[in-house]
Structures are given as C-alpha cells and as structure tokens.
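Morning, everyone. One structure today, and I'll start at the ligand. Here it is.

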Amino acid sequence: MTVPLSRPARGALTLAPTHPSRSFRDRVDGLLARVGDTPLVRLRRILPDDIGPEVEVWAKLEWFNPGGSVKDRAALSMVLDAEERGLLEPGDTILDASSGNTGIAYAMVARARGYHLTLCLPANANAERKAVLAAYGVDVVETDPLAGSDGAIEVARRLAAEHPDRYVYLDQYNNDANWRAHFDTTGPEIWRDTGGRVTHWVAGLGTSGSFTGTTRYLRARNPDIQAISVQPDSPFHGLEGLKFMETSIVPGIYDPDLADQHLFAPTEEALELVRRLAAEEGLLAGLSSGAAVWGAIEVARRLDRGVVVTLFPDSGERYLSHGHVFGAGRRAHGR
Ligand SMILES: Cc1ncc(COP(=O)(O)O)c(C=O)c1O
C-alpha cells in the first residue's frame, strides 16, 4: 500500500506542535527514545577575525543521534505517523529512496519495530553507508549513479506504483511527518538551549525537512528570527546530502518562500571548512556540515551582534573513504 500524502498549504501553519504531548520521544522507549536532544556547541576557533565579539555561532551536533545522523528524527517521525494512521503493521516492508543517511535511520527504526526495509540508493553511495546498510540486512536497490538521488526517487516511485501491496512507501520528500519531526523536536531544542536568544538559523537543504520544520517552530516563538537556507552552488557538487533545487526534483515539503535568504555554498570552501572543523575545533563533521558552517560564517560576519545557530547533519566518520577530504596526505591545519 502507498501512503497518501498531502502537501501543506502555504502559510496554513498551526503555531503549536500537532501533538504537543506526543513528541516522538514520549511515544517510544529504549534505543528510539534516545533520538533527538543532541548537543548544541559554540564555535570559536574556526570563526574569522572579522566576526565581532558580540556575535555567537553555535552548531547542533546531529551525529549524537543513535543512528548517527539528523535523519533519525525524520525516519522515526515518519514511521510512527504511518503506524498511527494504520498504514504500517509489524512484518510490513517500508520503501523509500535515500542517498544514505535516511536509509540508515530507517534501518535502525525498522529493525527496532519489526519491519523490513527496501531502499533505493544511488549505486555510487559511499562505502561506509553501504556497509552499514548491509550490516542491518537492508534490501538495497541500486539505482543509476549518474541520476543521483533523483534517480533513486524515480525507481522508488515506480516500485511503489507497480507493487502497492508489497510496500509502504514513506516518501520522505513529500511526507509532512518529515518536517514535523523538526517542528516538534529540533526547533524546541534550539530554543531551549539558547534560552530563546537565537536570532539567525542557518541550515542546508536536502529534503528540506530540517530547515522547514525548525524554521516554522522558531518563527512561531519569535517572528523576527531570520532563517537562511544553504544549497550547493551548482548541480555538480560534492556536498553529499544537499540538493541544488533548481535542477532537482523539488521536494513537495519544500517551501522556497520560507527562507529570508538563500545561500549557495561552493564545494571547495565547504570542504576546507570540514577539515578546519576537525583540526581547529575537534569536530569531525560530515561534508554538508561544511556548507552549514560556511553559511553560518557568511551570516555572522554581517552582524554586529546576534546568536547564529546551524546544524551539522552527520559525522566525518561517514566519509573517511573520501580520500580527497580527509586523506592522510593532506597538510595539517591549525593556528
Ligand atoms: C549529510 C546530510 N546533510 C544534510 C541533509 C539534509 O537534511 P534534510 O533532508 O532535513 O534537508 C541530509 C539529508 O539526508 C544529509 O544526509
């Protein structure tokens, strides 16, 4: 069966979480209850000298989630939502497309709750992701590497249409429970951990779930908060997990009007920042975190004062096979 999904009407937002007493942490126990509540840490050494002393930059470390990425939140939220709507029962097979992290998050949630998982994954997904998926025993359908994550989406759609009784297609790109996860958890955590002082929120766009849900929550708390989205600056980029919207299948949950500003990160500058995060802050972050911190610095250097928060979706450990980023031959950094 496929999940009927609706696109949220523009501007038709409730200003409170849908299920205020039913955030996913209250609906699960054991391992899955550890999803969310990740650390927010202040960045200092990596900030350029032209950022004033009254500007703070903070990063939310999403690799502290049990499945190792921000996508634990969305995967758990989408699975629980499908269960509550009577679309998923133990023994069913979840289907979706992913470039990796959502697949790993689904695998963890599916195994913990008694489901099978079929994942459409571009054949060139990196070795670390494939190894984790294999360890979970996931049924991986490899898709055209040249077609990237859009190719995986097309195959997932076709499988869902051809075998409606075999799969429950969660469709993270069009599933409101994706961005809701961040409205219900990521946003409230940032608000709480900054004591309501956050002034600017910067995040990369993949499905756009983390940017969308967190922005909607923070704006509901303080309409003056500025939300800045970050995309790669070209369709052919090295920022795994992020989408260049202009030439991609645009996610149904993406609302281009939500951001106050759209930034476009150059791959090489972002990757250089990934290396510097490790060398100067001790943060072994993933590639899209480089784009996030690039965006946060761009924003911060234009401010006299403010509290800029960004999100690091996963850890550099998921990219160690990318020799061009963390290769042993690279020169050491540091001040
Ligand atoms: C490494 C990485 N960064 C960023 C993102 C973007 O997150 P979102 O889908 O919430 O926009 C993803 C999504 O899969 C990801 O895997």
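Start with the ligand shell. Of the 20 residues around the ligand, the nearest are Gly206, Ser210, Gly241, Ser288 and Pro313. A residue counts as near if its C-beta atom, placed from the backbone, lies within 6 Å of the molecule or strand in question.

Two quick notes on the source. This is a predicted model: local features need pLDDT of at least 70, side-chain atom pairs count only at pLDDT 80 or more, and totals for chains, interfaces and linings use all residues. Residues are numbered from 1 along each chain as its sequence is written.

Which helices supply the shell? Helix H2 (101–113) and helix H6 (209–221) each give at least two residues. H6 gives the most, with 3 residues. Helices here are DSSP runs of H or I, at least four residues, numbered from the N terminus.

By class, the shell has 12 polar, 5 nonpolar and 3 charged residues. Ala, Val, Leu, Ile, Met, Phe, Trp, Tyr, Cys and Pro count as nonpolar; Asp, Glu, Lys and Arg as charged; the others, Gly among them, as polar.

Now the domains. Domain 1 is 28–68 + 178–326, and domain 2 is 71–169. Those bounds come from an automatic or database domain assignment. The ligand shell draws at least three residues from each domain. Their C-alpha centres lie 24 Å apart.

Next, the domain contacts. 26 residues of domain 1 are in contact with 19 of domain 2, meaning C-beta atoms, placed from the backbone, within 7 Å. On the domain 1 side, helix H5 (176–193) gives the most, with 6 residues. That side has 13 polar, 9 nonpolar and 4 charged residues.

Key:
Two residues are in contact if their C-beta atoms, placed from the backbone, lie within 7 Å.
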